[in-house]
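Please look over the sequence and the 3D structure below before reading on. The text then goes through selected places one by one.

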Amino acid sequence: MTKMRDNYQNTMYACFVGYIVQAIINNFVPLLFLTFEKSYGIPLNQITMLITFNFGIQLVIDLLSAKFVDKIGYRISIVLAHIFSAAGLICLVILPDICANAFVGLLISVVIYAVGGGLIEVLISPIVESCPSDNKEKTMSLLHSFYCWGHVAVVLISTLFFKIWEIEHWKILALIWALIPIANGIVFCKVPIASLMEEGEKGVSIKELFQNKVFWILMLMMVCAGASEQGVSQWASTFAEQGLGVTKAIGDLAGPMSFAILMGSARAFYGKFGDRMDLDKFMLGSSVLCVLSYLCISVSPSPVLSLVGCAVCGLSVGILWPGTFSKASVALRKGGTAMFALLALAGDVGCAGGPTVVGFASGLASDDLKKGILAGMGFPIFMLLSIFLLKREKE
């Protein structure tokens, strides 16, 4: 068994880097929005559509992959994911300058790498789940921490690059970032990839999943996990800028960066010590802490305390997404690719819905972001209830 685990060690390393690739394609382009506005004369309200298309395409891929991944195989699919990711980053450098409309060039590039991002999100977790390991929950939590470290690295390295070589040279950095999916795609051509199912075993169909009550509780948990995370993360920089009166660069470091670091720390902590802990209790405690962090952000009279609440929220949501994946693997052992794809879809719905609810509620309250966060507190509360519900259903 030990020798078998050693054979799959490089597979797990490649999966860790896969989540860094996803962090690159989700977080690099938003750093360039003002540059795109100045360089190509594209209005910001149009540029923000790039985010919508990125996550919209990933949602579509989540949905479609439940049908096609098993047919073409995991290896081909994950290599294609890295090809699309690298191609999209390279197209960012080329297409805006050769297309009649620079925005169309940017949009095509985003659509290309969004296909890669969607595939990575669907494929990486089941590939890791299929690898022989002593504690799947620990490995899953450690895996998801690499998205956080990737996010931190993208912001820090890009900020440093722009400080030294100026932001006008962003195309060079885009090509440098593209080298990572190219290299990791080559690795995935060679490492062993196991099947989620035993030989001769057949996974459950999507119809069977839909008829399972536990599956729907897990789907609700994924929506709440994504919404609880992004409901604060997407607004953290604005919170820092408005509350503390700092520049955007400082706001990004004080808000989203502290959130990402603490979220990654929570996942790495469970990845290290998870075999000594009860996942149910850890997720319940994290959900309670998440509710308290939302309260701290929304009712605290001090801007500094509100910002601390944002950071603590990152710590509290760390286990919710990977923990739900781990619970699904145990509760629905034959769920297969379809289950992971649909859970990823639910998570992405939450990631899109959380910030939307917060923004909409803030708008109704005369752009009071604190009241918007207070409205978003419903997501961690529902997460808490869902964990209890799942526990009762399994007993």
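What follows moves from the cores to single helices, loops and residues.

This is a predicted model, in which local features need pLDDT of at least 70 and side-chain atom pairs count only at pLDDT 80 or more, while totals for chains, interfaces and linings use all residues. Residues are numbered from 1 along each chain as its sequence is written, and side-chain values use heavy atoms, with hydrogens and water left out.

The interior comes first. A nonpolar core is a set of buried Ala, Val, Leu, Ile, Met, Phe, Trp, Tyr and Cys residues joined through side-chain atoms within 4.5 Å. Buried means under 20% relative accessible area, exposed means over 50%, and partly exposed is in between (1.4 Å probe, protein chains only). The largest nonpolar core has 77 residues, and Ile78, Ile124 and Phe188 have the most contacts inside it. Helix H17 gives the most to this core, with eleven residues. Another core lies apart from it and has 27 residues, among them Val29, Ile42, Phe162 and Trp170. In soluble globular proteins, nonpolar side chains tend to be buried together.

Contact means heavy atoms within 4.5 Å. Not counting residues up to four places away in sequence, Phe188 touches Ala14, Cys15, Arg75, Ile78, Val79, His82, Ile124, Ile127 and Ile193.

Next come the helices. Helices (H or I, at least four residues) and strands (E, at least two) are DSSP runs, numbered from the N terminus. Helix H17 covers residues 336-364, has 29 residues and reaches 42 Å from its first C-alpha to its last. That is close to the 42 Å expected at 1.5 Å a residue, where the expected span is 1.5 Å times one less than the number of residues. Just after H17, Ser366 takes a positive phi of about 60°.

Helix H3 spans residues 33-40, and its residues Phe33, Thr35 and Phe36 are buried. They lie on the same side of H3, because they cover an arc of only 155° around the axis; the arc is that of the directions from the helix axis to the C-beta atoms. What covers the buried residues of H3 includes helix H4 (44-47), helix H5 (49-72), helix H7 (102-130) and helix H9 (170-188).

Which residue has a positive phi although it is not a glycine? Glu166 does, at about 75°. Most residues other than glycine have a negative phi, and most peptide bonds are trans. Glu166 is in the loop between helix H8 (136-165) and H9, and it is partly exposed, with a relative accessible area of 45%.

Two buried serines are next. Ser77 is in helix H6 (residues 74-98) and counts as buried because its relative accessible area is 1%. A polar atom of its side chain lies 2.7 Å from the backbone oxygen of Gly73. A polar contact is a pair of N or O atoms within 3.5 Å; within protein, one must be able to donate a hydrogen and the other to accept it, and residues adjacent in sequence count only if both atoms are side-chain atoms. Leaving aside neighbours within four places in sequence, Ser77 is in contact with Val69, Ile72, Leu119 and Leu123.

Ser287 is found in helix H14 (residues 279-299) and is buried, with a relative accessible area of 1%. Its side chain has a polar atom 2.9 Å from the backbone oxygen of Met283. Not counting residues up to four places away in sequence, Ser287 touches Leu320, Pro380, Met383, Leu384 and Ile387.

The loop between helix H13 (248-273) and H14 holds Met277, which is partly exposed at 26% relative accessibility. The C-alpha atoms of Met277 and Lys138 are separated by 9.8 Å, although these residues are 139 residues apart along the chain.

The cysteines remain. How many disulfides does the structure hold? It holds zero, a disulfide being a pair of cysteine sulfur atoms within 2.5 Å. For Cys91, the nearest cysteine sulfur is that of Cys99, 9.1 Å away. Cys91 counts as buried at 18% relative accessibility.
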